[in-house]
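Reader: I would like to learn how to read a model like this one, feature by feature. Could we go through it together?

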Amino acid sequence: MLDRVVVSGSELSGFFPGNRLSDKMNALYFHQQESWTLCRDNYSDLEKSEVKSFSFDQFEVKVQFNPARIKSTTAKVDKESIRNRKCFLCTANLPQEQRGLIYGNDYLILVNPYPIFPRHYTIPKTGHIVQTISANFGDMLDLAKSAGGEFVLIYNGPRCGASAPDHMHFQAGNSGFMPIDEEFEDVINMSGEVLFAGKKTNIYATDQYLRKFIAIESADKNCVKRAFQVFYNGFVRLDKTSPEPMMNIYAVYKNDRWRVIIFPRGKHRPDFYFAEGEKQILLSPASVDLGGVLITPREEDFRKVDSDIIRDLFRQVTMSKEYFEYLRRSFLKFEDPE
């Protein structure tokens, strides 16, 4: 089955020149545009999608009207629903038209046919393994570095945005698409707290961005992994729920260093997601939403969302102030590895 899906270099050679991973990903995008009608139509529709922006003190939040994302937004991720459907990320169940690139020994890079980004990729493991970050965080860093800064990597936890929590996967999209790509340094300079500043690693936190986050920057992969493990261990002490604490993660590799932003979560979906009638708003935030682009698959929700709803959304789904303070204190004794 994997042989059917994997596209060869010769098949891609005419679509985009270059041998970097980002070049091959761009070539795959154009290949799928030419050979897969559903994919081509959905990216064409995305180009015409409506977007509105809301300005806050030092940042903005965008809202995208994207009807094609209705399946993801309304995905049932309870154990029974997962058990009763075929895994749509397993190779045997991929659409006949879908093709992909092998990365390393056990990842498959696929063009996402229901895009949010102008170029949007899903990167599942070739084996059916549950969504969890602890054992796969190093892979995320490798993918981010291989993408060379043109694409950011995102991870949605199994209880906060992953529509396939039974199958380990990342996503990738254009760098610069989410407001946090450009706002990060200003946010840190204006309202960030330096948790650690060493020769190899810098660690920051802020609770002044509507959504709270902890960020790690380093040119040393082992330093990033060590800092993440400190965060993860602290979070596990707060939330022992299986398979892991709730979080969304962003990773990019630029200027010869990694930047990893972790959004610890308190809740999957806001109360108004489950309301009835006119009070219902279908917003189910994941990494892209936390990065500053809210996805609304229904037009009535797109029209309804305003700055007050955005504030309420993030207030409900992000971690409490008390828990976040505990995570920040986890780094008091952090040291760069030798």
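Reader: Which side chain makes a polar contact of 3.0 Å with the side chain of Asn156?

Author: Happy to start there. This is a predicted model, in which local features need pLDDT of at least 70 and side-chain atom pairs count only at pLDDT 80 or more, while totals for chains, interfaces and linings use all residues. Residues are numbered from 1 along each chain as its sequence is written, and side-chain values use heavy atoms, with hydrogens and water left out. A polar contact is a pair of N or O atoms within 3.5 Å; within protein, one must be able to donate a hydrogen and the other to accept it, and residues adjacent in sequence count only if both atoms are side-chain atoms. Here, the partner at 3.0 Å is the side chain of Asn248. The side chain of Asn156 also makes a polar contact of 2.6 Å with the side chain of Ser287.

Reader: Where are Asn156 and Asn248 found?

Author: Helices (H or I, at least four residues) and strands (E, at least two) are DSSP runs, numbered from the N terminus. Asn156 is in strand β6, residues 151–156, and Asn248 is in strand β11, residues 247–254.

Reader: Is Asn248 buried or exposed?

Author: Relative accessible area decides: buried means under 20%, exposed over 50%, and partly exposed in between, using a 1.4 Å probe and protein chains only. Asn248 counts as buried because its relative accessibility is 0%. Asn156 has 7%, so Asn156 is buried as well.

Reader: Which residues does Asn156 touch, not counting residues up to four places away in sequence?

Author: Contact means heavy atoms within 4.5 Å. By that rule, Asn156 touches Gln131, Gly161, Ala162, Gln171, Met247, Asn248, Ala286 and Ser287. With neighbours within four places set aside, the contacts of Asn248 include Tyr155, Cys160, Phe263, Arg265 and Leu290; Ala286 and Ser287 are among them too.

Reader: Now pockets. What volume does the largest pocket have?

Author: The search runs on a 1 Å grid over the protein atoms alone, and a pocket is an open set of points where a 1.4 Å probe fits, with protein on both sides within 12 Å along at least five of seven lines; lining residues have an atom within 4 Å of a point. Grid points are joined across faces, edges and corners, and a volume is the space filled by probe spheres set on the points. The largest pocket comes to about 860 Å³. Its lining has 39 residues, with Arg69, Ser72, Phe88, Tyr114 and Ser163 nearest the centre. Among the elements giving two or more residues to this lining are β6 and α10 (287–290), while α5 gives the largest share, 3 residues.

Reader: How do the residues of that lining divide by class?

Author: Ala, Val, Leu, Ile, Met, Phe, Trp, Tyr, Cys and Pro count as nonpolar, Asp, Glu, Lys and Arg as charged, and the others, Gly among them, as polar. The lining of the largest pocket has 20 nonpolar, 15 polar and 4 charged residues. For the second largest pocket, at about 310 Å³, the lining has 6 nonpolar, 1 polar and 5 charged residues. Ser242 and Pro243 are among those lining the second largest pocket.

Reader: What kind of peptide bond joins Ser242 and Pro243?

Author: Most residues other than glycine have a negative phi, and most peptide bonds are trans. Ser242 and Pro243 are joined by a cis bond, with omega about 0°. Pro243 is in the loop between α9 (221–238) and β11.

Reader: What is phi for Asp256?

Author: Asp256 has a positive phi of about 65° and is not a glycine. Asp256 is in the loop between β11 and β12 (257–264), and counts as exposed because its relative accessibility is 59%. Leu210 also has a positive phi, near 70°; at 22% relative accessibility, Leu210 is partly exposed.

Reader: Finally, which residues of helix α4 are buried?

Author: In α4, residues 37–47, these are Cys39, Asn42, Tyr43 and Leu46. They span an arc of only 100° around the axis, so they are on the same side of α4; the arc is that of the directions from the helix axis to the C-beta atoms. The buried residues of α4 pack against α3 (21–35), β2 (60–65), β4 and β5.
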